[in-house]
Amino acid sequence: MADVEFRVLGTGEVLIDGAPLAIDAPKQRALLTLLLIHANEVQSTDRILDALWGEEAPASGVNTLRYHVSKLRSALGSHADLIVSRESGYELVTSPESIDSRRFETLFRQAREVVVTDPMRAAEVCHHALELWRGSAFADFPYDEFVQAEARRLNEMRMEAIELRIAAFVAAGQDAHLVPELESLVAEHPLRENLWSHLMLVLYRSGRQPEALRAYQRAREVFGDLGTEPSDDLAALEEKILLRDPSLTAEPEQVKGNLPLAADHFVGRAEEIGALQDLVSANRLVSIVGPGGVGKTRLAIEAARGLEDESSGGVWLVEYVAIDQPDLVASQVAAALGVLASAQGRDPLDHLASHIRESNTLLVIDNCEHLVEPIGLVVSALLARCPQLRVLATSRRPLGVRGEMVWRATPMSLADEQSEALQLFLERGFAARPDLALTAESEDLALEVCRRLDGLPLALELAAARLRMMSLEQLAARLDDAFAVVAGGPRDKPEHQRGLRALMDWSYQLLEPDEQRLFRFASVFRGGFTLDSAEHLLEQLGASRNDALDLVGALVDSSLLTMTADDRYTMLELIREYGLILLEESSEIDAARDAHLAVFRQAFYVPAEVVAPLPDQIPTVWGRFDAEIDNARAAVAWALQKPDPSAAVELGATVWDLLMSWHLQNEAHDLNSRLLAVTSEPSGYRAKLLRNAMYSTAANEGTDRAVQVLEELEATAETLDDDTWRGVALGRRGVLEFLRGDTDSAWRYWDDAADLLSSIGSSLAWHPTSTAFEVAMLIGDFERVRRLAARVADDPGLPDYVGLWFLGGSAFAAAADGDVETAEQMLEQYRAKRTPEARDDHDVLALISLARMDFDDVEQRATSVLERGRSNLAQYDLYLPLFLLGIVQFHRGDMVVARRYFTEGLADTARLEMKGWQLWWLAPVAATFAGDAPALCLTLLAASDSAHDRVGGRPYAAVARIVDEAAGEARSRLTLDEIKQAEESGAAMTLDEAVELALSFD
C-alpha cells in the first residue's frame, strides 16, 4: 500500500508516495483539516457541523456531513480507512509522523532539550524542523475560526524555533553569518526583543560596535512608537556593548563532530554496541559488514556516540550513499570535517592528513560498498599519516586493506517474546498506530512477522509502518509477498532503503555478472549448501567448478551469503526469496531447479541394483542428510513435476531411506506413494518403492492392503528374474505373517530369505535375520534373541555397524528381561564401539531404569521421545514410549492414565490388523482392570497367556510384574468359581476376540 503524508505548514496538501492528491471541494478540505488538527481524537458530529457551517448548518446536517465524509474517503482511495466512524462522530487515525506539524513539534522539542549541552546539534535540528514550513500554518484557511487557535500556536512555535536556532549559533560562537538574516527578521518582526538582542550581540562580535549601538536606538524607536521602552535586559546589553564588556566575546566552540540526532529511540543491541566500542578502542580500522537492512549505519553511529569522550578530535560521520565518483572520496571526508574551504587548491588528501595528523579523531565512514576500492585506498593513506586516527566503516563487503578488523553485523535476535526484533517491531508499530492493541495472540503473531522478516531492522521498521493502514493480521497474511508489502519507507532515507526490493537491488547491482548469476542460481538451495555443491552447480551451468571458490567468496564478502560453523553457506530467507524473484524475472527458474536437482541426484545416488545403501555409502550419504534434508526435499519435489519420472524415482528411493532414519515415517510414506504413482515399469527402483511401501502401508492402511503391495513386489522380482529381490520379498512376507499373527510362518520365511540371499553372496543376507531378531525382542522370545545374535556374530563379513545393531538389541532384550547386569555390560561394550550412525540407547536406559523402579527417569526419557512430534512419527514408533509411560502410571496407581497409554497402542494395532503387535498391549491393558473389573482383568490375562503360548516368548519383566500384581488383586476380589470361569473364558478366546473385548470396555 502507498505511503501518505499530510501537510498543513503552508497550503494544505495530501501526498501519496510523494505525489499530490487532488481534494478540490472546499468543505472536504476543511473537514480533513479539522480532523488533522485533532488527529487520533474523536470529533463529535455536532462539533464538526459547528466548526464547518456554524449557524448556517443545514437542517439535514448529519446526512450532509456523511456525504462529505464519504466523498473525502473516496478521494483518499486506499487510505479511506484512516477516517474511522465512531459512535459519536469521526476520527482520523494516523501516525504523528505522517503530519508535518507533528514532526515539526517533535524536532523542536528535541532541539530545546540539547541547546545547552550541544548548541550546534540544536541548531541542526531546528534547521530540519524549519525546512518543513512552506508558508503560514493552514494558509488556505486564513479566516476560518476553527483553525485560528492552532494556526496561531504553530506560527508562534515557528518563530520560537527560529529564535532557538539563532540562539544556538550565538551560544556556540558560530554567529558571524547571521547578520543579514537578523536584519531581515527584525524588520519583519520588530516587536520580538530576542531578535534585537541577537542582532546587537552578533554585530558587536563582528567588530561593528557602532552598528550594534545604532540597532539598540532603532529598537527604542520601535517600542517608543507604542509608548513603551525596551526591557532592562536589552538596555543592559547596550551598556555592556558601550563598555566593551569582555563577557560579550565568546570563543567559537570547537565543533567536535557531526553525528546526527536520532529521530527515534534506539532499541536493544547493547551487547553488540559494547563489542564494537571495544574493537574500535583496540583497532584503528574496524569495518561493520552485513546484508542490507541489518542496521550497520545505526550500529556504527550509536557505537561512535559512546566514544565521543575519548575522541578529542571529534567523531565525524562521512556518508557516501549519494557519491558515486571515486575522485570525490577524499573531498567527501574533507567536506564532512569542514576543512575543504581552506584547502586552497591543495590535494584534499594532503590537506586532510595535515588537519587531523595529531588529533585523536574517529571517522565513521558509511555506505562504502559501491566505492570499496577508492575508499580503502584513502582510509589506508590517512591511517598511515595520522597515528591517532581511527576509522569505523560500514559496508556490505570489507574494504580489503591491511589492518582491517571485520565485524559482521547479524539480524536482531528472534529467540522468544523478549527478542530485540520483537521489541523494535512493536515500538515502531505503536509509533505508527498508537491505538494498536496487543494481546498474547497478537504478540505471537508479531513474533512470527519478525521471524518471516529474518529479524532485519530495516524490514521490521518498514513493516511496522504498514500498521498505519492495515491490521497486524493483514500484515502477517500478506508477507508471502514481502517485497510488495515491505516498501514505502521514510522520505529522509536513501532511495535504496525505502523498501526491501530497492535494498536488495542495491546489493545485487554491485556484483559482477558472474557473481550475479551464481547468486541467482544459488537461491534454489534450501537450508544452505557446501562449496562442493556450488562447484557441482557451476558445472551444471556450463561454467568451471574452479570458479566457485572466488565467486562464493565474493558473495560472502558482499554479505549475501553467510558461512556457518560447519563450512556451509546460507542466505537469509528474504535474500533467498529475492534471488528466486530474479530467477522468475529472467526466466531461469526451471534451469536453476534442473541444476539443483542434478547436484543432489548425484550427491545421493545409489544404483538401482543396491537394495539398501552399502556400508561404505552410509557415512557419505546418510551423514550429509542431516544438513541437506531441505535440499533433498526440494529436489524430489521438482523432479516429481517433470514429465520423465526417472530422476524423481532414483533420488526419491534414497530419500525414503533417509527420511525413515530420521523417524519421519509419515513424510516417507507420502513421498513413496507419490513416487509409485508416477512409475509403473518394473525396475530395481520400482522394486525399492514397493519394498518401502509394504512397511508404510501396513503402518498406515493395514495388513490387507500391505499384502497387495507385497504381491506386486513378488511379481516385480519375477519379472526382473532377480534373486536379491526374491530374497527381499521373502523377508517382507515374513513381516506380514508376523503382523497377521502367524509367527511360526514368519520364522520360516525369514530363514528362507536369509538362506537365499546367502546362497547368492548378497550383502543383505543379514537383513532377514535382523528383522527376526527385532521381532524376537518385541514378543519377549529372549532365547531366540540370543541364538540370532550368536548366528550373526559368527559371520566374518558382517559390517561393523550391523554387529553394533545386534549388540544394542541384545542389551535391549536383556533390559526387557530384567537382567540389568547383563544389559549394562552389553551397553558398555556398545557405547565403546558406537559410531554416529548407530542406534540411540535411550530405550535400553529407560528399561534399565524401569527395572530399578526409577520411574522419574523412565518418565523423562519416554516423554522426550513422545514429544518429538506425533505429526512426524509413525504411530508404531511411539509404541515404546507409550508402553513405558503406561507402566510408570500403573505403578503410581493412576489406572485411568495408564489404560489411556496402553489402549492407544492396542487400538492402533487393532485398526491396522497387526496381530503380532497386539500381544505387546493386551496384558498391560488387562492389568489396569484389576480394581474396577477384576473378572475382565483375569479373562484378558488368560487370553494373553494363550496367545503367547501360540507364538512363543513371554511378557517383558516390567509387564510380568504388573500382571502378577494385577492378577493377585483381581483374584482377591472374586470367588474361586468366578476366577475359574474368567480364566477358562479367556483361554478359549482368539486374539481378535480378546482385543475387541478389551477395547469395548468404557
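Analyst: The bridge partner of L15 in strand β3 is P20. Strands here are DSSP runs of E of at least two residues, helices are runs of H or I of at least four, and both are numbered from the N terminus; two strands pair if DSSP finds at least two bridges between them. The model is a predicted one, in which local features need pLDDT of at least 70 and side-chain atom pairs count only at pLDDT 80 or more, while totals for chains, interfaces and linings use all residues. Numbering runs from 1 along each chain as its sequence is written, and side-chain values use heavy atoms, with hydrogens and water left out.

L15 also stands opposite E5. Strand β1 (residues 4–7) pairs with β2 (residues 13–16) over 4 bridges, again antiparallel. The hairpin of β1 and β2 has 5 residues between its strands, and G10 there takes a positive phi near 135°. In the hairpin of β2 and β3, 2 residues separate the strands, and D17 in the turn has a positive phi of about 50°.

The confidence of the model, given as pLDDT (the predictor's confidence in each residue, from 0 to 100), averages 84 for the protein, and 93% of the residues score at least 70. Over residues 491–496 the pLDDT stays under 50; the model has 15 contacts for them beyond four places in sequence, a contact being heavy atoms within 4.5 Å.

Turning to the aromatic residues, rings of Phe, Tyr and Trp (its six-membered ring) pair if their centres lie within 6.5 Å; planes under 30 degrees apart count as stacked, over 60 as edge-to-face and the rest as tilted. This rule gives 21 aromatic pairs. Y508 and F519 form a tilted pair, with 6.0 Å between centres and 50° between planes. Y508 belongs to helix α21 (residues 500–509) and F519 to helix α22 (residues 513–522), 11 residues apart. Y508 is buried at a relative accessible area of 12%, and F519 is buried at 1%; buried means under 20% relative accessible area, exposed over 50% and partly exposed in between (1.4 Å probe, protein chains only).

F883 and Y956 make an edge-to-face pair, 6.0 Å centre to centre with 85° between the planes. F883 lies in helix α40 (residues 879–891), whereas Y956 lies in the loop between α43 (934–951) and α44 (957–972), 73 residues apart. Both F883 and Y956 are buried. These two residues belong to one aromatic cluster, together with F782, F812, Y879, F902, W920 and W921.

Helix α43 is largely enclosed by the rest of the structure, because 14 of its 18 residues are buried. G952 follows α43 and has a positive phi near 90°.

M914 occupies the loop between α41 (895–911) and α42 (915–927). At 2% relative accessibility, M914 counts as buried. Leaving aside residues up to four places away in sequence, M914 touches A698, T703, L739, Y879 and T909. M914 lies 83 Å from G10, C-alpha to C-alpha, and 904 residues from G10 in sequence.
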